[in-house]
Number of protein chains: 2
Amino acid sequence: MRLFLLPPDFHGQNSLTLTGNDSNYIVNVLRLKEGCQITGRDRDGKTYLLTVEKIKKGSCTLSAEPLEEAVETTDALPDSRPEKTIILYQCLPKGRKMDEIIKRATEMGVRAIVPVKSKNCVAEISDSATKSSRYSALVREAVQQSGSLVPTEVCESIALEEIPGHFKSKSEQKLCGLFFHQNTLEENQKNLLSLLEDPENRDCAYAVVVGPEGGFEEGECRFLMENSFHPVLLKTNILRCETAALYAVAAIQTISESL
Amino acid sequence: MRLFLLPPDFHGQNSLTLTGNDSNYIVNVLRLKEGCQITGRDRDGKTYLLTVEKIKKGSCTLSAEPLEEAVETTDALPDSRPEKTIILYQCLPKGRKMDEIIKRATEMGVRAIVPVKSKNCVAEISDSATKSSRYSALVREAVQQSGSLVPTEVCESIALEEIPGHFKSKSEQKLCGLFFHQNTLEENQKNLLSLLEDPENRDCAYAVVVGPEGGFEEGECRFLMENSFHPVLLKTNILRCETAALYAVAAIQTISESL
């Protein structure tokens, strides 16, 4: 635990009282005593030095002092942080794989994860209320563990055809859309490195579209290309879709942060 | 299932009889009938067209015909394969995380996975016999699922100090060693992209050294640098060590295969 994720209703007050899971986490999981300090982050990405002032049965009160630079206050945090915005459009995989993808993408600092329904999806978009609260818990846990300063969110599910509009609405930056496919779709198709090195595609917010178990259908690829999404062929083995998401994010993040 | 991994004692015979788990896999899991065909791969990386000739109780007999190019025979395989040799030196993580790392690294086509004992490892190198057979099963499953043509192996555990010698013994190619660290260790430290773009480090076999939960100690970093391993700082969040291994492999593979 390197960072305590503050509740959504916290907006910079001097003090806050936690109950339920949050209090339990501070008192019983982290075993903080009165006087102990921990770094906290609110939902806008601001960080605070939190001091445990009072522990009662079932609740605890913390004081909160805004911090200028979270990175300076804890030695466990790395020297550098991801700066590029990455949005993951993940076609719904089977079973609990989406949970795994959400955890890892959050850990890596993906800004938003959007479940997508595409032709080869076997999983249904349903019970979204239950999922949404489960998803929030997964994000919360991963943020706290990784000390991520990116306020990752899991969005409502959308259809593949809605991706271009959704992406435009999510960022004011220049946009660069990418989708990952097992086969070459264009003549002289660029690899990921040359795509990202292209001045056109630098300093963008990146959308990463990753297929479900069966991949994308031809019409879906055509649709994405017509909407300026670049096909990317990774020179690797066939990856399980949960590995593919992580692989794609790692590749984009490493290259875009290095240029 | 895209590829059947042939038993270690198969070396290109015209026919082979499978028993036990292998036979069960063909007959009951894949439900192949007599006359059905499947692609197989031996431990040297050669591929074969396998035809089920005879199914008996508890065993089955296959004929094997060498294939020139496995990629041509199945449409489920991607257009391109990883060509660079990557060896993962993974400091032993806690619990079952090593299993997860082995599965994913195999899927990505890592050539060898070497468990390493370093100062901050909590896990012990022990019960290596049990582990080795469990590890082989994990590799086998991941190779079959991913259709990887790389004959991944899990090596015996070694100490961190043995890495440089081990790496030299594993490849006749030019060598490039990298280790991943959360902090900047050298002035003007290069990022992964500029490191791999350096002509010195192209067309190499790559060693990737990934730390355990607590990272590397200062002395260990110094030792690795003295032995020509380059420190790499990834511009991402703190990653769990099982995520870090895959992140590192994905990043190196994408960049080195794109240059």
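**A two-chain model, in conversation**

Guide: The copies meet through the same surface, because 100% of the interface residues of chain B are also interface residues in chain A. Contact here means that the C-beta atoms of two residues, placed from the backbone, lie within 7 Å.

Visitor: What kind of model is this, and how is it numbered?

Guide: This is a predicted model, where local features need pLDDT of at least 70, side-chain atom pairs count only at pLDDT 80 or more, and totals for chains, interfaces and linings use all residues. Residues are numbered from 1 along each chain as its sequence is written, while chains are lettered from A and ligands numbered from 1 in the order in which they are written.

Visitor: How many residues of chain B are in contact with chain A?

Guide: 39 residues of chain B, in contact with 39 residues of chain A.

Visitor: Which element gives the largest share of chain B's side?

Guide: H8(B), with 10 residues. The elements giving two or more residues to that side are helix H3 (97-108), helix H6 (192-197) and helix H8 (241-258) of chain B. Helices are DSSP runs of H or I with at least four residues, strands are runs of E with at least two, and both are numbered from the N terminus.

Visitor: And by class?

Guide: The side of chain B that touches chain A has 15 nonpolar, 16 polar and 8 charged residues. Ala, Val, Leu, Ile, Met, Phe, Trp, Tyr, Cys and Pro count as nonpolar, Asp, Glu, Lys and Arg as charged, and the others, Gly among them, as polar.

Visitor: What rotation superposes chain B on chain A?

Guide: One of 180°, with 0.0 Å of shift along its axis and an RMSD of 0.2 Å. That is the relation of a two-fold axis. In chain B, the C-alpha of B:Ala251 is nearest the axis, at 2.4 Å. The superposition is by least squares on C-alpha atoms of residues with pLDDT of at least 70 in both copies.

Visitor: New topic. How is chain A divided?

Guide: Into domain 1 (4-73) and domain 2 (86-258), with bounds from an automatic or database domain assignment. Taken over C-alpha atoms, the centres of these domains of chain A are 32 Å apart.

Visitor: How many helices and strands are in chain A?

Guide: Chain A has 8 helices and 12 strands.
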